[in-house]
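Biologist: I would like to go through this model with you before I plan anything. Could you take me through it in plain terms?

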Amino acid sequence: PVASAVLVDTLPRAHDVTLLSYGRAGEPAASAAATQAVLDAGLRAHDLVVADLARYPDPGREVLARSSDLALVVVPAEVRATAAARGVVAQLAGVVTDLRVVVRGPAPSGLDARTVARLLGLGCAGWLRAEPGLATTLERGAAPARSGRGPLAELSRQLLAEVAAAAVPAA
């Protein structure tokens, strides 16, 4: 078991959301049991836990995917990226109850969000317009959308409102 206080003190946080993230090495980051322990602690400490799932099969990813209320696959509006995303979608489709796509612009070939969603067989959670300066912000290690303005902040507010609305029990 992981103590909630230890989790809150050690994991990155942004605006009261604890973030669990994978590296890019392609190796399992943690066992299913360790991931479940961290997730349980996160759920005890917070109303919302956001997990950045690995692109590759992983015991921890399986735990996080099965426990999620909503999973988003972020796909650039490009033909090759859409084709590559089909593999990730196929792996998660039987595991995640609510799997949707966020399509990220720009769309150099004119590929739109509805087409990407249709090709992936998913509902479209949103279109993320290109955001000038986002890459620089990330390179500096600053929190994206920290100012509360811009396409990422707008889409994040929309998605969080949907998650919050779904979490409210029916009267």
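Modeller: Helices (H or I, at least four residues) and strands (E, at least two) are DSSP runs, numbered from the N terminus. By that scheme, G148 belongs to the loop between helix 6 (134-139) and helix 7. This is a predicted model, in which local features need pLDDT of at least 70 and side-chain atom pairs count only at pLDDT 80 or more, while totals for chains, interfaces and linings use all residues. Residues are numbered from 1 along each chain as its sequence is written, and side-chain values use heavy atoms, with hydrogens and water left out.

Biologist: What is the mean pLDDT of the protein chain?

Modeller: The chain has a mean pLDDT of 85, and 89% of its residues reach 70 or more. The term pLDDT stands for the predictor's confidence in each residue, from 0 to 100.

Biologist: Which element has the lowest mean pLDDT, and which the highest?

Modeller: Strand 2 (residues 17-21) has the lowest, at 67, and helix 5 the highest, at 96. Where pLDDT is low, the predicted coordinates should not be read in detail.

Biologist: Back to G148, then. Is G148 buried, exposed or partly exposed?

Modeller: G148 counts as partly exposed because its relative accessibility is 29%. Buried means under 20% relative accessible area, exposed over 50%, and partly exposed in between (1.4 Å probe, protein chains only).

Biologist: And what does G148 touch?

Modeller: Not counting residues up to four places away in sequence, G148 touches A153 and R157. Contact here means heavy atoms within 4.5 Å.

Biologist: On to the sheet: what is its strand order?

Modeller: The order is 4-5-6, in an open sheet of three strands with parallel pairing. Two strands pair if DSSP finds at least two bridges between them. The edges are strand 4 and strand 6 (123-128), each of which pairs on one side only. On average, neighbouring strands are turned by 25° against each other, direction ignored.

Biologist: How many bridges join strand 4 and strand 5?

Modeller: Six bridges, in the parallel sense. Within strand 5, R104 is the residue that stands opposite P76.

Biologist: Which strands does helix 5 lie across?

Modeller: Helix 5 lies across strand 4, strand 5 and strand 6, at about 140° to strand 5. Helix 7 (residues 151-167) also lies across strand 4, strand 5 and strand 6, and runs at about 150° to strand 6. For these angles, axes are lines fitted to C-alpha atoms, for helices over the stretch in contact, and values run from 0 to 180 degrees between N-to-C directions.

Biologist: Which residues touch the most other members of the largest nonpolar core?

Modeller: They are V75, L99, V101, V116 and L120, out of 21 residues in that core. Two or more residues each come from strand 4 (71-76), helix 4 (79-93), strand 5 (99-104) and helix 5 (113-120). The largest share, five residues, comes from helix 4. A nonpolar core is a set of buried Ala, Val, Leu, Ile, Met, Phe, Trp, Tyr and Cys residues joined through side-chain atoms within 4.5 Å.

Biologist: What does V101 touch?

Modeller: Beyond residues up to four places away in sequence, the contacts of V101 include V73, V75, V116, A117 and L120. There is also a second, separate core of six residues, among them L128, L152, L155 and L159.

Biologist: Changing topic, how many salt bridges are there in the whole structure?

Modeller: The search finds four. A salt bridge is a side-chain nitrogen of Lys or Arg within 4 Å of a carboxyl oxygen of Asp or Glu. One of them joins E62 and R66, at 2.9 Å from N to O.

Biologist: Why are E62 and R66 separated by about one helical turn?

Modeller: Because they are four residues apart in helix 3 (residues 59-67). E62 is partly exposed at 33% relative accessibility, whereas R66, at 53%, counts as exposed.

Biologist: Where do E154 and R129 lie?

Modeller: E154 is in helix 7 and R129 in the loop between strand 6 and helix 6, so the pair ties together parts that are 25 residues apart in sequence. Their closest N and O atoms are 3.4 Å apart.

Biologist: Which residues are linked in a network of salt bridges?

Modeller: D98, R100 and E162. Between D98 and R100, the closest N and O atoms are 2.8 Å apart. D98 is partly exposed at 25%, and R100 counts as buried at 19%.
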